[in-house]
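Trainee: I am new to this structure and would like to go through it carefully with you, one question at a time.

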Amino acid sequence: MVKILANDGISNSGIQELEAAGFEVLTTKVAQEQLVNFINENNIEALLVRSATKVPKEVIDACPNLKLIGRGGVGMDNIDVAYAKEKGIHIINTPAASSESVAELVFAHLFTGVRFLHDSNRNMPLDGDNKFKELKKSYAGGAELRGKTLGIIGMGRIGQATAKMALGLGMKVLYHDPYTKKIELKLSFHDGQTVSFELENQPLDVLLESSDFITIHVPAQKNYILGKKEFAKMKKGAGLVNAARGGVIDELELLQALDSGHLSFAGLDVFESEPRPEIQILMHSKISLTPHIGAATQEAQNRIGLELAEQIIKLLG
């Protein structure tokens, strides 16, 4: 019987699917430094991770029985993918499963930012009973998203899901993606009606200068995508959301842009120094914060579990 270690967890639906196909699934949370011993002592042949567990070359070399490494999610920067493939290990992920969840979180941050919910939710418990009128006045200058322009950097599955939500809300959408010259998006509604939109790739400078809000959807990068130069090109009063990866935006320059009033707010689900974000980020009144929960919905986790199970059964069954 093939043993699978789902070290960062897996949905019950995924476990049931795998067990029905004759696999044994362990969901023990093994500390990184004990991972190699656990895999070898328990004869684990498939290792499933999310973003917490790292699978570098050293782990791969030390675990000769591993036949498959799976990532529940999209980005695989915590796995030495090229080396694992060289060693003949199957590498799988679930790129489609969490797109809707991440896109909805982007809009949670956008709605929060334009209506100051992140700040009012901090201050209402403190002063709502004795400074109600002052708080009402300070949060009275909100904005609507409808009719505004959303710039999307990276038009993969998550970028496309985000674009569809923006279009459904009545926003104009610009995107920049060097790998996608033109794209047709089909919006499907509850009653079976569909509407199609055709969008064309824009130069990054055009997107920066023309967007009221910008959201970034790219894999982990060696260099910043958005730094001092790019923030300066953005519209005064624009908002920014990063639910992609820490390190794609320069957080120090972001703080400067927020403090100067050039940018009005930011929504961050990921951080450069994750899992210990900088205190200046955590305490900033213009930043809406979540702890890397883009794919953390029940629906996405179910889809991820089932998608992993189907691929494992196909490859190792």
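Mentor: Let us begin with a term: a residue counts as buried under 20% relative accessible area, as exposed over 50%, and as partly exposed in between. Please keep in mind that this is a predicted model.

Trainee: Is His 292 buried, exposed or partly exposed?

Mentor: His 292 sits in the loop between β13 (287-289) and α13 (298-316), and its phi is near 55°, a positive value in a residue other than glycine. Its relative accessible area is 26%.

Trainee: Which side chain of opposite charge is nearest to Asp 250, and how far away is it?

Mentor: Asp 250 belongs to the loop between β11 (238-242) and α11 (251-259), where a polar atom of its side chain lies 3.1 Å from the backbone nitrogen of Leu 252. A salt bridge needs a side-chain nitrogen of Lys or Arg within 4 Å of a carboxyl oxygen of Asp or Glu. Asp 250 is buried yet has no such bridge, and the nearest side chain of opposite charge is that of Lys 228, at 9.3 Å.

Notes
Residues numbered from 1 in each chain as written. Predicted model: local features only at pLDDT ≥ 70, side-chain atom pairs only at ≥ 80, totals over all residues. Heavy atoms only, no water. Helix = DSSP H or I, 4+ residues; strand = E, 2+ residues; numbered from the N terminus. Buried < 20%, exposed > 50% of the residue type's maximum accessible area, 1.4 Å probe, protein only. Lys, Arg positive; Asp, Glu negative; His and termini not counted. Polar contact = N/O pair within 3.5 Å; in protein donor to acceptor, adjacent residues only side chain to side chain.
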